[in-house]
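Keep the 3D view open as you read.

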Amino acid sequence: TGLTDIQKLAEADERSLAATKGTRSSIDTWDDYVARILSYVDTSTLKPLKIVVNAGNGGAGAALDALAAHLPFEFIRLLHEPDGHFPNGVPNPMLIENREVTAQAVREHNADFGVAWDGDFDRCFVFDEKGDFIEGYYIVGLLAEVVLATKPGAGIVHDPRLTWNTVEVVEAAGGRVVQSKSGHSFMKDVMREHSAAYGGEMSAHHYFSDFYFCDSGMIPWLLIAALMSRTGQSLSELVNERIERFPASGEINRRVDDAQVVMAKLWEKHSPTAVDSNKVDGISIEFEQWRFNLRASNTEPVIRLNVETRHDRKLLADKTAMLLAEVGGEPA
């Protein structure tokens, strides 16, 4: 990506080699940005939906306002003003304790759905009309289906943490399924390598080939609103069947002394009887009716567990409890 070249230049500190001083200029890209985001939908077909939007005092508010003038939606704005001190806490809807403010507003205002972003709004989280949080895993499948409707046969990239729903949706829609390690640099490289149209992570990162293979927090909710407008279905109607078909634990974090030791122990115990297993990103071990992925954090002594089953919530609860006992550690 060129980052190591920049590192070498910085470490060499060869500024004296510059023949001339640099220059600084400013341009306004808002109009181009808005035009690109709006190009993903036919605005003439959008219905006047009521949408709760929670910017978390991050950067999403300004982008939302730039788009709003061109959209027929009624927005209920929460924590809308950017404030780098984040007076209402860290804007991370992955944290369960951060979700209720959006969920409550959806219910209170009888909204069609809700959207919340992290601080730099490269992740997009959605809530259905009942205020229920929709795991990013199921949104990946939903957006894959939307993209494949306009780009038949396209490649769809997903991460290894939760997979069954995405694979089934993409194959049924005639797409090509490609797996990548989690993380934006891996996802972008794999998308380019396989000429994929869309890539999605369960962590609510959504990548689009014609958005320079970058993740966007604005395109996903707009595609969902367009789908709801077109079909007349609520968000829960669009995803609940998939949630019941492949129930998942959501990501569970545990603080452990040595994540690599824990993964090696579970690999040795479970992989010999598995129908499939790999070490693409942590360990993924698959059985006929359930599977799990266990991976270590790159930045802290934390291990992350994801479990899913085929239409069996009791099995999900049982296997999740079993694996957590084997992992040990403390909640993180």
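Start with helix α7, residues 184-193, in this predicted model. Helix α7 lies across β6 (155-158), β7, β8, β9 and β10. Its direction makes an angle of about 160° with β8.

Now look at the sheet itself. Five strands make up an open sheet, ordered β7-β6-β8-β9-β10, with mixed pairing. β7 (176-179) and β10 (214-215) are the edge strands, each pairing on one side only. Strand β8 (residues 196-200) pairs with strand β9 (residues 206-208) in the antiparallel sense, over three bridges. Here Gly199 stands opposite Tyr207 in β9.

Next, the charges. The whole structure holds 17 salt bridges. One of them joins the side chains of Arg161 and Glu201, at 3.3 Å from N to O. Arg161 sits in the loop between β6 and α6 (164-172), and Glu201 in the loop between β8 and β9, so the pair ties together parts 40 residues apart in sequence. Arg161 is buried, at 4% relative accessible area. Glu201 is buried too, at 3%.

A second pair is Arg255 and Glu300, whose side chains meet at 4.0 Å, N to O. Arg255 belongs to strand β11 (residues 252-255), while Glu300 lies in the loop between β14 (290-296) and β15 (302-309), 45 residues apart. Arg255 is partly exposed at 38%, and Glu300 is partly exposed at 34%.

Helices are linked as well. Glu326 and Lys269 form a salt bridge of 2.6 Å, N to O. Glu326 is in helix α11 (residues 313-327) and Lys269 in helix α10 (residues 259-270), 57 residues apart. Glu326 is buried at 13%, whereas Lys269 is exposed at 52%.

Note on methods:
Residues numbered from 1 in each chain as written. Predicted model: local features only at pLDDT ≥ 70, side-chain atom pairs only at ≥ 80, totals over all residues. Heavy atoms only, no water. Pairing = 2+ DSSP bridges. Helix = DSSP H or I, 4+ residues; strand = E, 2+ residues; numbered from the N terminus. Contact = heavy atoms within 4.5 Å. Axes fitted to C-alpha atoms, helices over the stretch in contact; angles between N-to-C directions. Buried < 20%, exposed > 50% of the residue type's maximum accessible area, 1.4 Å probe, protein only.
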